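Subject: Structure handover

Hello,

Here is the structure for you to look at. Please open it before reading the notes.

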Amino acid sequence: MQTIWITGGSSGIGFAVARKFLKQNWRVVISSSNKTKLDNASKILKKESKNLYSILCNITNYEDVKKTVTRIENEISPINLALLGAAAYSPNKTQDFDLKNYELLIDVNLKGTINCIDVLKNFMKGRNNHISVISSPVGFRGMPTAGAYGMTKAAQLNLVESLYFDFKKLNIKVSVINPGFIDTDSTKLNSFKMPMLKSPEYAAHEIYKGLTGKYKFEIYFPFLLVFSVKIMRILPLKLYSYFWKKLGNF
Ligand SMILES: NC(=O)c1ccc[n+]([C@@H]2O[C@H](COP(=O)([O-])OP(=O)(O)OC[C@H]3O[C@@H](n4cnc5c(N)ncnc54)[C@H](OP(=O)(O)O)[C@@H]3O)[C@@H](O)[C@H]2O)c1
């Protein structure tokens with residue numbers, strides 16, 4: 001039986017992925033930072049499978065991450081696959097520059113992800129294991145009001161692409177997941193209409209397929225939405241800003 005560790009497994013995409021992997025007979029360890037949320041998620045999933053474990057872990061705290069990974073490796077099972085999905089999301093409703101928001105998102109989405117990768121690499125080296133980070137198409141290009149979140153997602157994309165080269169010598173596979181809009185607690189905060197909004201179960205199905213099939217560096221879905229955002233990366237700025245002007249008068 002293989003083991004997956006999912007950060008941010010208490011809700012949304014992480015929770016749905018946990019349920020999907022449990023159904024496919026994986027051993028699943030979920031982590032998150034809020035005890036009540038994690039206990040609730042764990043209660044639901046434990047009823048469905050005895051292969052579910054949960055460990056409270058705030059990824060912004062390096063010692064917490066180290067303790068968690070050490071505990072999984074020594075007391076549960078070596079980790080075959082780590083899905084780093086924990087993230088903070090607090091969309092700017094305006095175009096104001098909110099320093100506190102930048103600091104929060106850097107702390108969780110960037111520092112937290114780096115903490116996990118640093119600890120995991122020490123255990124995983126030489127074992128042909130896999131670390132996958134959930135980023136976002138918001139990181140493909142600067143978008144109005146999305147500076148703080150988008151910046152952290154762009155940095156994740158850049159980081160994982162670097163590690164694609166650097167971790168080859170450690171025999172650790174890395175990949176990045178770029179979902180379109182998925183209906184979760186985070187996106188419920190959005191005040192705009194989200195095109196091609198999909199369920200967490202849809203995301204979990206795509207992520208399971210992508211992570212357990214033939215290795216690929218990038219997993220993205222739904223194709224049409226994310227591919228369109230990819231195309232926007234090559235638009236000249238004038239054309240790109242015309243698009244946003246039409247969409248939201250930015
Ligand atoms: N939903 C979308 O449309 C969408 C699209 C593209 C990418 N994504 C990405 O997908 C991932 C999951 O997002 P989601 O939409 O499923 O959001 P979500 O339901 O809000 O889940 C976020 C998860 O992260 C955990 N978390 C937050 N801060 C943490 C911390 N300091 N330490 C440990 N865990 C922490 C939360 O649990 P606690 O509160 O218990 O800590 C929760 O389990 C994120 O990386 C997000 O950027 C989402």
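Predicted model: local features only at pLDDT ≥ 70, side-chain atom pairs only at ≥ 80, totals over all residues.

Residues are numbered from 1 along each chain as its sequence is written.

Helices (H or I, at least four residues) and strands (E, at least two) are DSSP runs, numbered from the N terminus. Helix α6 covers residues 200-212, and its end C-alpha atoms are 18 Å apart, which agrees with the 18 Å that its 13 residues should span at 1.5 Å a residue. The expected span is 1.5 Å times one less than the number of residues.

A residue is buried if 20 or more other C-beta atoms, placed from the backbone, lie within 10 Å of its own, exposed if 12 or fewer, and partly exposed in between. In α6 the buried residues are Pro200, Ala203, Ala204, Glu206, Ile207 and Leu211. They cover an arc of only 165° around the axis, so they are on the same side of α6; the arc is taken over the directions from the helix axis to the C-beta atoms.

Leu159 lies in helix α5 (residues 147-166). Leu159 counts as partly exposed because it has 18 C-beta neighbours inside 10 Å.

Around the ligand there are 31 residues, of which Gly8, Gly12, Ser32, Asn34 and Ala87 come nearest. A residue is near if its C-beta atom, placed from the backbone, lies within 6 Å. The largest share of this shell, 3 residues, comes from α1.

Regards
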